[in-house]
Amino acid sequence: DTTWNVVQISSNAFRYCTGITSITIPKTINGIGSCAFQKCTHLTTVNITNLSEWCNLYIEDEDGSPLIHGAELTLNGEVVTDLTSLTSDCVRIGMYAFLNQQSLTEAIIPDCVKNIHTRAFKGCSNLKLLSVGSGVESFAFGVCQGCKKLETLIFKENEKSLYVSAYEENNWVQSFKDCPLKVVYLGRGITWYNDNQAPFTHVPTAIINCDTYFSSFSSTNSYTNVTTTSLENIFFGPNV
């Protein structure tokens, strides 16, 4: 009830509330505490009224997200499949904002967004295109973890270099290890999480053939003998 002026959902607020099947989160909510939706295993629909406010919202941890168990995110009753509803007041894609969203197939992040936070698109297993706007200043830990169909990756032009973080799981330290990338556009300089590893070498069945000429990807020629099976094109913009 927005007349109560509620601005946060407290930690553990709905923990173990297994009877909840749907919830509407108004745009007045700006934060969700730790474990707020832990074990809400029957929650299937999370309805929001403003996509920009949802992306600006702070979620403390993964169990604090109402999407943790695969609930579908809807905007005024319509399933969210892309980010076209974002407005110019959206300054970030918050932590776990689109966690486990199977219906999300395309994410074109507008230039007004400054930060893409931890695991923002984790588990979006049908996401095929990710375009990172020119205004983005940080690309956090595990943003694309579990994006098993991500084929097109675009970093739009900017004169400033962007630091792209990674994640570590089962001794893999890569930004896009789950993503079968085919087309990559680098419109700006990229500082990768680990200069000693080419950032695309561990994506499934898509190993780029690196040598000393690919200095942007690797400081050594360690990957000269590997082959590529699905990565088809890398394009460099004028600011690289």
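Is Lys 177 buried or exposed? In this predicted model, in which local features need pLDDT of at least 70, side-chain atom pairs count only at pLDDT 80 or more, and totals for chains, interfaces and linings use all residues, Lys 177 is buried, with a relative accessible area of 13%. Buried here means under 20% relative accessible area, exposed over 50%, and partly exposed in between, as computed with a 1.4 Å probe and protein chains only. Residues are numbered from 1 along each chain as its sequence is written, and side-chain values use heavy atoms, with hydrogens and water left out.

Lys 177 is placed in the loop between β16 and β17, and the loop between β16 (172–174) and β17 (183–186) also holds Asp 178. Strands (E, at least two residues) and helices (H or I, at least four) are DSSP runs, numbered from the N terminus. Asp 178 is likewise assigned to the buried class, its relative accessible area being 15%. The side chains of Lys 177 and Asp 178 are joined by a polar contact of 3.0 Å; such a contact is a pair of N or O atoms within 3.5 Å, where within protein one atom must be able to donate a hydrogen and the other to accept it, and residues adjacent in sequence count only if both atoms are side-chain atoms. The side chain of Asp 178 also reaches the backbone nitrogen of Gly 146, at 2.7 Å. For Lys 177 and Tyr 167, which are 10 residues apart along the chain, the C-alpha atoms are separated by 9.2 Å.

Two residues other than glycine have positive phi values: that of Tyr 96 is about 60°, and that of Arg 119 is near 50°. Tyr 96 is located in the loop between β8 (92–93) and β9 (106–108) and is buried, with a relative accessible area of 7%. Arg 119 belongs to the loop between β10 (115–116) and β11 (129–132), and it counts as buried because its relative accessible area is 17%.

Within strand β4 (residues 45–48) lies Asn 47, which is buried at 15% relative accessibility. When residues up to four places away in sequence are not counted, Asn 47 touches Ile 23, Thr 24, Ile 25, Thr 74, Leu 75, Asn 76 and Gly 77, a contact meaning heavy atoms within 4.5 Å.

Over the whole structure, a search finds 2 cavities of 30 Å³ or more, a cavity being a set of points on a 1 Å grid over the protein atoms alone where a 1.4 Å probe fits but cannot get out. The second largest cavity has a volume of about 40 Å³, and its lining, defined by an atom within 4 Å of a point, includes Ile 25, Ile 48, Asn 50, Trp 54 and Leu 57.

The chain as a whole comprises 1 helix and 19 strands, and buried residues make up 48% of its 240 residues. Among contacts between residues at least 6 apart in sequence, 56% join residues at least 24 apart. The mean pLDDT, the predictor's confidence in each residue on a scale from 0 to 100, is 85 for the chain, with 80% of residues reaching 70 or more. Over residues 205–228, however, pLDDT stays under 50, and for these residues the model has 55 contacts beyond four places in sequence.

How values were computed
1 Å grid on protein atoms, 1.4 Å probe; cavity = no way out; pocket = protein on both sides within 12 Å on 5 of 7 lines; lining within 4 Å. Points joined across faces, edges and corners; volume = space filled by probe spheres on them.
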